[in-house]
Amino acid sequence: MSRVEAELRDAPRQSAWPVRRPGYRRFVRRSPVTVIGAGLVLAVVLVAIVAQIIAPYGPNSQDAQPLLRPDRRHLAGTDELGRDELSRLIYGARVSLYVGGLAVSIALACGATSGVLAGFYGGWVDNVTMRIMDVLFSFPAIVLAIAITSILRPSLTNAMIAIGIVYAPIFARIARGPTLAVVTLAYIEAARAVGLPNWKIMLRHVVPNVSAPLIVQTTVSLSTAILTEAALSFLGLGTQPPTASWGLMLSAARQYMLLDPWIAVLPGAAIALTVLGFNLLGDGLRDLLDPRIRTL
Amino acid sequence: MRYLVRRLLWTLAALLGVSLLIFVLVRLIPGTIIEVITGTEGQLSPQQRLDLLRSFGLDRPLPVQYALWLWNMLQGNLGWSFRTSQPVAGLLVSRLPITVELAVLTVICVTLIGLPLGVAASITRSVRLKTFVQIIGLVGLSVPNFWAGIVLIIVASFAFHWFPALIFVTPWQDLPVNLEQMSLPVLSLALGLAAVVLRMTRSSMLEVLGQDYVRVAQAKGLSHSIVLLRHALRNALIPIVTVLGLQMGTLLGGVVITEQIFGLPGLGWTLLNGVYQRDYPVVQGAVMLFAVLFVLTNLFVDLTYTYLDPRIRYQ
Amino acid sequence: MRAREAPRARGEGDIVDEMRVPNSRQGRLSRRGFVAGGLAVGGGLAGVRALGGPGGLLAPAAAAAAAQPKRGGILIAAQEIDPVSLDPHTNSNFSALQAYEHIYESLTGYDEKTNIVPALAERWETSNAGKTYVFHLRPNVKFHNGQTMTAEDVKYSIDRVLDPKTASPWRNWFDLVQEVRIVDPLTIQMNLKGPYPGLLGSFAGMRASGIMPKGLAERENLKIKAIGTGPFKLVEFVSQDHITYARNPDYWNAPQPYLDGITFKILTEENARLAALHAGQIQYAVVTAQGEAQLKGSPGITVFKSPNAWVSLHYINVSKKPLSDARVRRAIRMAVDTNEVIQKAVFGAGVPSGPVPTGYGDWYLDPKTLPYQRADVDGAKKLLAEAGYPNGGFRIEMKCSPQYPEFVASTLVVQDSLRKLGIDVQVVQQEWGTFVNDHNTELKTGGREGGEIFASANTFRPDPDGYIYPYFHSAGALNDGGYRNAKIDPLMQQARSIFNHDQRKSLYREIQRTLLDESPNWWWYARFNIEAISNKVQGYAQSFTGRRIFLKKAWLG
């Protein structure tokens, strides 16, 4: 392939957003997974928003007998402390979204900006930044999470900050790639020659090319953040009781797996569906925005 | 060659960073080995606490402790465990093979599941099949690691009345029993990662299949499978190998909880216990070992790149 | 309401425990009804009059010795927590004790009813108003390395514990020992600073009293190596993974032990232990009540269940308002239903308890007479109002650790119950090391920093004094926040220095009543010790201490 063709192939678009794409309906038919994914995510978001309206009880009131099977008054039964399972599942949606949102926000803020800056300025900035990211990345995530949550006051927020820091390197790497590709192109030099300040260059040329892969990675990381919160809750370092988070509910239900599988299956299913939703959405978005995007 | 040297130097810098980070981090966690020794019921006088601290070398100023540790580490001495007074290097070396076996078996399992499914999902024309495979693959990814492990344990025992022998045997001592012991942990880890590989295979196959040279090969009259294997798959392997390399980090993390649940005496469980019991030498040593493993895996991955795609050459 | 039946002795393989958990299959009970159900405590709390030992509540479930014990076989068992180290003098954690108790022994020991019996000392005499003890050692006892035990070894071992450099966390049990003198190779004399009725129990308790060959600590790494006189020798200790023991053929108490060996695999995840039991891969494991319920259908497994010296409680830092006011503490305790705590924390496998665990000789208060069994929210509100907090309106922080889920559960029950009083409880769940650290900080700073309330438990103490003095005497080393009650201070001092059983008993009764009234701690329940054992294992008996003392009597049928 000639150099010109290669460059044309790699030439960044002016805008990452699909301006003129044929037939969304065709897209839906060709890729039902995206729609399913979007639907699941939307459902979770809605439940989280109207939690207080639709939940029959508060999430923490131990007003009933423990381990009840589902019945008229408790549609999903009660958990090991006598709290309504359905209400806890509903409120759990809030926690899951909070968890994912916070972790990913931090990862974006720290990681993506570092990656862009590293790719843009190159040289020792690039080297140092990426080495720091390497250090974070080769550090066992679970140890980092344990350390941070033990050092700071144990809380869900701090656990998610830890997760955000752990995810930052991924975002850095994803942001750096397209940035590098853009920076080497001729018209960037031209822009600089004309006198355009760096931040404007970044905004106008780098960001549009970086946003697509970042969006896809965001959906993926939202899902893994939820799984990681479950793992941390298993270790006792994630959600603080009595907060209703699906991960904590799952962890607490471990003791009752054969006695009352309900309280284990339901939060597990909730996690699975939410994570599935984000993943499918991410897949679909990738197909939609740019099939050449690689995610991690 | 010059690339390799430069790469190595930067890697060493990164490892130095890791060492500093873990050294500081583990000392920031509240509580020391003294608290682990006394628990909530034991009593020690303040003088005794001081003496104990001194015996562990924890009374020296931090930079001194760090320098000593680094100096010893470069000579291959990772210190002695606070809890058992055993040499850390020996302890970690004895635990390492278990974790490595777990990781390697998982990668094999994941590739055997994810790769074919991903290829299938990319070449099939049936939308239904594509959707089905995607969702099935992703379900595995959607379940927390520890939960998959526990469910497998319960199902194996209470539904099939089966459970592997408890005392761990190495593959050299008794291969069938060893594989039995590894089967459930590997399965619980593989479920999640298989989906990632599936996804990556599918998307990179899709991209490669759309390329001109594939169409040229087809036009030349090469059979479908040769086209697939020789050209498409080989180029599609690059991102897959990347993913596997990067997933090593996740894998080594997931290994920690899996080892705890299944009682496998591996590096992850040793590390976790070390953190709980504030056994600084063990934690520091284990993290460095993890980091080295991770870095080596990445290096291997990058070198595999050059083999898979001759266009990629590093200046 | 289904009454709780007392644990029966094991018969033809039937399940010992009959405690049913109320569940919806038996009809939906109102919350009040469900809670009252567990109240009935099995009758016949036969407190065994102990001769210097606490004695058990009921004879812990033991096998009816039908057949003759057979030699041979290796028992594979599961252990829930890593022992960390095998040194019998420098460890404070219970799991270490469970690991080295098969290897080491001391001058005295316990029988099935937790009475003190001779072990390495055949007999003893006291003189000088209880300040001098002379122990006559058993002749021809061999250590695992072939050496014969003499008074030199005993003196060495006890001196090691007394030596402050050893930093033994349980040295305070031997605080009053002034010196140990060798009279002749089989006789040891101990001079105490003052009379201490708990001395014999301190040896039997095995926390810091294991006898080892002279000079062993200087020759070997005792954290992973062990040489003692016990029924089993240490073969191998792979930290965090497993411990293997082999039969001691020269054990002094022949024909014990019968097992050729024992292997304890460390499995922290209970589901894994249950699965291994069910599939027959292990023959012994400690399980929770929830685990026991899940094993109900498992063939070939019997569950042993009996009371245990494990008192679940909350330590309270009484140095700051509002918890410095006894009325507030009492009000909070009144508002929480004890049986609800028992049901939710340990799935019903517990008995309400005061400071001395229920079942401990005859030192404990009859649980039927304990206050606070039913929640009294109105009374609590009145009391709070009296203390100046009519609608609560303050916030307290309770710390717990997921290392012990039952404490988390009990703390959550307290939190929920206090909502009715208008008290805001913040639950702080901490990793165990951090929890211990905070608690120690609180002790060190006299309550200024570290925390307000800590959820924990007291394990077996050889003497009731161990549950009282360190925590509530003004000079006690584990006194949270400096609790001081001028009335019972001298009573505590007196009770730990006289020998008359009845006098001590009435003293401790009064002390406990006062403590319950003032509530410097909140005591909830004494937990049951639940052990699931394969039917192939015969001859095993539980111990009130929670230890596995009688594996030496077990044999594989």
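Buried area is the accessible area, found with a 1.4 Å probe, that two parts lose on being put together, summed over both. By this definition, chain B and chain C bury about 4300 Å² between them, with carbon and sulfur atoms giving 56%. The structure is a predicted model, in which local features need pLDDT of at least 70 and side-chain atom pairs count only at pLDDT 80 or more, while totals for chains, interfaces and linings use all residues. Residues are numbered from 1 along each chain as its sequence is written, chains are lettered from A and ligands numbered from 1 in the order in which they are written, and side-chain values use heavy atoms, with hydrogens and water left out.

On the chain B side, the most area is lost to chain C by B:Thr40, B:Glu41 and B:Gln43, together 18% of what that side buries. Counting contacts (heavy atoms within 4.5 Å), 44 residues of chain B meet 54 residues of chain C.

Two salt bridges cross this interface, a salt bridge being a side-chain nitrogen of Lys or Arg within 4 Å of a carboxyl oxygen of Asp or Glu. B:Arg83 pairs in this way with C:Asp82, and their closest N and O atoms are 3.8 Å apart.

Turning to chain C itself, 65% of its 557 residues count as buried, that is, under 20% relative accessible area (1.4 Å probe, protein chains only). Among the contacts in chain C with a separation of 6 or more, 71% join residues 24 or more positions apart.

Key. Buried means under 20% relative accessible area, exposed over 50%, partly exposed in between (1.4 Å probe, protein chains only).
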